[in-house]
Amino acid sequence: EACQRLIARESQAAFLLNVTRDTVTEISGNGSSAFSYLLHSESMSDFFEASVQNIQDPAQVRAYRAIYDRDALLASFAGGVTHLSLDCRYALPDREPYWLSLPVNLTRNPLTGDIIGYTHTVDITVQKNAQLLLNSVIDLDYDYILRLNLNQNRYEMYFNAKSATALPAASCEDYVSELGSFLRAHCLPEEVDSVIARMQPDFLRDRLAEMPLYEFTHRLREKDGSVSYKRLQFSYLDAARGIVLTTRVDTTRLFEEEQEKNSVLAAALTAAQQANATKSEFLSRMSHEIRTPMNAILGMTAIASQVLGDDRQVEDCLDKIGVSSRFLLSLINDILDMSRIESGKLLLKNQSFLFAELLNSLTVLGEAQATRKHITFTTTVSPGLDAVYIGDSTKLQQVLVNILSNAVKFTPAGGRVSLAVRQTAKTAA
């Protein structure tokens, strides 16, 4: 209990160690009774062992025992070391873990010749937690942070992430030389000269004279052969002395995400272009196909107006106008179905239709075109055809009308176009 109270966050204590005589004396403390147990220790070893009990980390325990040991302290002083320090993380059952700094200063008593040690506890929980938090944040964002002295051509690395790879030396007295060696070993051959040039002291001075922050991205070859993207940033800490803060950030994941976004956008653009091309092609074809029934309607209307007294012939014209109008309506319905236009897909119906109506429509449309060009048009139907067939009559009609239109188009005036229909095979129902 006394040991726990000694290392409690609220308390600080100072002790005088007579290393030569192996004794401990309290100099100050928040309530001396809190340390009475430690002061009753028979030796420094007992004192230190009682103090180490609440250190959690086994590595810190080993480090504590390596410093806070009578023989180790004597050896340190004999080797010229007069100051030692250790930061330890303590834990008590009823409170959150906290940190104490435990410095030891050694000297020789000029009167007795004894080696004396002065040690005290300092609560550094706030500072340590802040530093750990800062290190965690830095570890997430940076490969390393270093202090570059442009005037002295040297640098010291103050931090490097545990996960970072392809790191330069932690410190160097010849920045330019180390820079060249490191980049030639890790940078891509096609970029290495450019990257070295942009990291030269004179080049950095010029850039930082123009802007507060200079940065650029380059690529490094990793041990596994993969390529990583690194962004280097330079900014002055002390421009007069040429002290530059240098950081490196791994941007590989950001680059890959950007590439993925670009791929998605490129695919979307290609799809949109294809949809527009399909739409343009469809509308161009439809505009051509619409002319056939429109011309038939106009032709039959003109004929009907000329034979208004002949009811039979007017009725025939009106019938043919009706046939052409229905075909025109089916074409317009296709145009209005924008989803089919954009997808470029042809949807075929599978419905029963009267074959005689299809032949009548083809004959009407074919005759209308042939008549305007003074071409004879005939339709011949072989016996044995069924009255009803199953399929897409509109699409079949479009195909046949286009064939007839081309036949009329490439047949000279006075020629002949014939539509012959016969059944070549029949599928059993």
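Where is Thr-246 found? We'll get to that after a word on the model.

## Ground rules

This is a predicted model, so local features need pLDDT of at least 70 and side-chain atom pairs count only at pLDDT 80 or more, while totals for chains, interfaces and linings use all residues. Residues are numbered from 1 along each chain as its sequence is written, and side-chain values use heavy atoms, with hydrogens and water left out.

Thr-246 sits in strand 14, residues 243-250. Helices and strands here are DSSP runs numbered from the N terminus (helices are H or I with at least four residues, strands are E with at least two). With a relative accessible area of 3%, Thr-246 is buried. Buried means under 20% relative accessible area, exposed means over 50%, and partly exposed is in between (1.4 Å probe, protein chains only).

Who does Thr-246 touch, leaving aside its neighbours within four places in sequence? Its contacts (heavy atoms within 4.5 Å) are Tyr-144, Ile-145, Leu-146, Leu-148, Gln-233 and Phe-234.

Two strands count as paired if DSSP finds at least two bridges between them.

Strand 12 pairs with strand 13 (residues 227-238) in the antiparallel sense, over 8 bridges. In this pairing, His-218 stands opposite Lys-230 of strand 13. Lys-230 also turns up in a network of salt bridges, linked with Asp-143, Arg-248 and Asp-250.

The largest nonpolar core has 26 residues, and Phe-48, Tyr-64, Leu-73 and Tyr-90 touch the most other members. A core of this kind is a set of buried Ala, Val, Leu, Ile, Met, Phe, Trp, Tyr and Cys residues joined through side-chain atoms within 4.5 Å. The elements that each supply at least two residues of this core are strand 1 (13-18), helix 3 (44-51), helix 4 (58-67), helix 5 (70-78), strand 4 (87-90), strand 5 (98-101) and strand 6 (104-108). Another core lies apart from it, with 25 residues, including Tyr-144, Leu-146, Met-199 and Leu-220.

## Strand 5, covered on both faces

In a regular strand the side chains alternate between the two faces of the sheet. Strand 5 is covered on both: Tyr-98 and Leu-100 on one side are buried, and so are Trp-99 and Ser-101 on the other.

Strand 5 pairs with strand 4 in the antiparallel sense over 4 bridges, and Tyr-90 stands opposite Tyr-98 there. Strand 5 also runs antiparallel to strand 8 (residues 122-123), joined by 2 bridges, with Ser-101 opposite Val-122.

## Leu-16 and the cysteines

Back in strand 1 we find Leu-16, which counts as partly exposed at 34% relative accessibility. The C-alpha atoms of Leu-16 and Thr-119 are separated by 6.6 Å, though the two residues are 103 apart along the chain.

How many disulfides are there? The count is 0, taking a disulfide as a pair of cysteine sulfur atoms within 2.5 Å. Cys-88 is buried at 0% relative accessibility, and Cys-187 is buried at 7%.

## Salt bridges

The structure holds 20 salt bridges, each defined as a side-chain nitrogen of Lys or Arg within 4 Å of a carboxyl oxygen of Asp or Glu. One of them joins Arg-219 and Glu-191 at 2.6 Å, N to O. That pair links distant parts of the chain, with Arg-219 in strand 12 and Glu-191 in helix 8 (residues 189-198), 28 residues apart. Arg-219 is partly exposed, with a relative accessible area of 22%, whereas Glu-191 counts as buried at 19%.

Another salt bridge brings together the side chains of Lys-426 and Asp-386 (3.4 Å, N to O). Lys-426 lies in the segment after strand 18 (416-421) and Asp-386 in the loop between strand 16 (376-381) and strand 17 (388-391), so the pair ties together parts 40 residues apart in sequence. Lys-426 is exposed at 58% relative accessibility, while Asp-386 is partly exposed at 27%. Asp-238 and Arg-241 meet in a salt bridge too (3.5 Å, N to O). Asp-238 is partly exposed at 23% relative accessibility, and Arg-241 is partly exposed with a relative accessible area of 47%.
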